[in-house]
Amino acid sequence: RAVWELKGGSVEARLEVGGSAGFGEGIYARAGTRVALLPPGAEAFLLKPASEFRSRELTAAETDKVQSFRHRRADGSTLAFRRSGEGWSIDSPFADWGDGDKLQLLLDDVCACPVFGFEELRPGDLAGLGLDPPLREVELVLTGGKEVRVRLGHPVPGSEPGDARVYASASDRPSVMIVSLNSLKSLDQDPEGLRLLALFRRDLYEVDGLEVRGVLSVKESRSQEGGWSFEEPKEPPAGADPSVLPSAFLDLRGEKAVPAADPAALGLAQPDLTVTVKGKGFEEKAHIGMAREGRRYARPDGRPAALLLPAEDWDRIQEALKLASGQSRKTEGQ
């Protein structure tokens, strides 16, 4: 009922699939002169049509190999971002640092978008399916410079309401596919939500040095065992806790990002604090400005935007500064 021919190097094998055994005991197969009874589950696999072996992912591109991304929407607007040595940078519709976790999820949605079916092509079909030119297009540049273009076209006639199935093609696959826009909703999200709201691109586990200058001056380092200790001041005040500042600053998040064209208006011309974190092969520096009309902003070096800090997060920073300077935490009820 089916013949499998397998080749690997100089080795070849032929497997012939026969009939089913009685009482549902399995399926007969022959390899060379050997006849065997295979388990019942083998029948569904060995007799599967060739079309069932097609990849069911939109593209063969792997998320971790993507170096840059560009999506041209139907309205002509563009979302573009790229991988840099420190993280991700958004290039369009604005310039800023990108949230790596959210951008990775977006790339996962595109690269692993499930395929629900295939469309047999005839001459001129691409234009009729809305793929030449495409209604929407995604451009991926992979490690090594390879480019992959994903095109999205017209809705598929007869689709179930709400299923949002459309024709699609990818430059690294010869087939025209059918996908659901429900699997690609992340392409339509507000780009503002893709900004990085953390003060630093590195996390606590990557950092082994911290320096704070301003209203408090302190320098700390982490030992190989993971504990933090003061380098400056050499004789810290009694009760000073070096462990609170690294996590406080590296967990700091902004409410939103704002343009930083006028640092003075944001209280950043003469910041209250300058914080530097260091690790293997990197150093990041950020400035926390003076309060302006009840608001306080922070700006990392090299970033075109500043972050508006939530009042409660700044309160936690102040408490951490007190503990690092030897002031005891207030007891409950005081």
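Helices (H or I, at least four residues) and strands (E, at least two) in this tour are DSSP runs, numbered from the N terminus. With those labels in hand, select Pro233, which lies in the loop between strand E16 (228-232) and helix H4 (244-250). What is the geometry of the peptide bond from Glu232 to Pro233? That bond is cis, with omega near -5°.

Before moving on, keep in mind that you are looking at a predicted model. Colour the chain by pLDDT: the mean is 93, and 97% of the residues reach 70 or more. Then select residues 329-334, where pLDDT stays under 50. For that stretch the model has three contacts beyond four places in sequence.

Now go to Ser92 and Pro93. A cis peptide bond joins the two, and here omega is about 10°. Pro93 is in the loop between strand E7 (88-92) and E8. As background for both stops, most peptide bonds are trans.

**Around Asp99**

Next, select Asp99, in the loop between strand E8 (96-98) and helix H2 (100-111). Which side chain of opposite charge is nearest to Asp99? That is Lys102, 4.6 Å away. Asp99 is buried yet has no salt bridge, because a salt bridge here requires a side-chain nitrogen of Lys or Arg within 4 Å of a carboxyl oxygen of Asp or Glu. Leaving out residues up to four places away in sequence, show what Asp99 touches: Leu194, Arg195 and Leu196.

Arg195 lies over the face of Phe94, at 3.8 Å from the ring centre. For another arrangement of this kind, select Arg54 and Phe118. The charged end of Arg54 sits over the ring of Phe118, 4.0 Å from its centre.

**Aromatic rings**

Time to display the aromatic side chains. How many aromatic pairs does a search of the whole structure find? It finds five. Pick Phe45 and Phe53 from these: they form an edge-to-face pair, with 5.8 Å centre to centre and 80° between the planes. Phe45 has a relative accessible area of 42%, so it counts as partly exposed. Phe53 is also partly exposed, with a value of 44%.

Another pair to select is Phe81 and Trp88, again edge-to-face, at 5.5 Å centre to centre and 75° between the planes. Are these two residues buried or exposed? Both Phe81 and Trp88 are buried.

To finish with the rings, bring in Trp4 and go back to Phe45 and Phe53. Ring pairs link Trp4, Phe45 and Phe53 into a cluster.

The last stops concern backbone torsions.

Select Phe23, in the loop between strand E2 (11-20) and strand E3 (27-31). Although Phe23 is not a glycine, its phi is positive, at about 60°. With a relative accessible area of 87%, Phe23 is exposed.

Finally, jump to Glu293, which you will find in the loop between strand E19 (282-288) and strand E20 (297-300).

Conventions:
Residues are numbered from 1 along each chain as its sequence is written. Side-chain values use heavy atoms; hydrogens and water are left out. Buried means under 20% relative accessible area, exposed over 50%, partly exposed in between (1.4 Å probe, protein chains only). Lys and Arg count as positive and Asp and Glu as negative; His and the chain ends are not counted. Contact means heavy atoms within 4.5 Å. Rings of Phe, Tyr and Trp (its six-membered ring) pair if their centres lie within 6.5 Å; planes under 30 degrees apart count as stacked, over 60 as edge-to-face and the rest as tilted. A charge sits over a ring if NZ of Lys or CZ of Arg is within 6 Å of the ring centre and within 35 degrees of the ring normal. pLDDT is the predictor's confidence in each residue, from 0 to 100.
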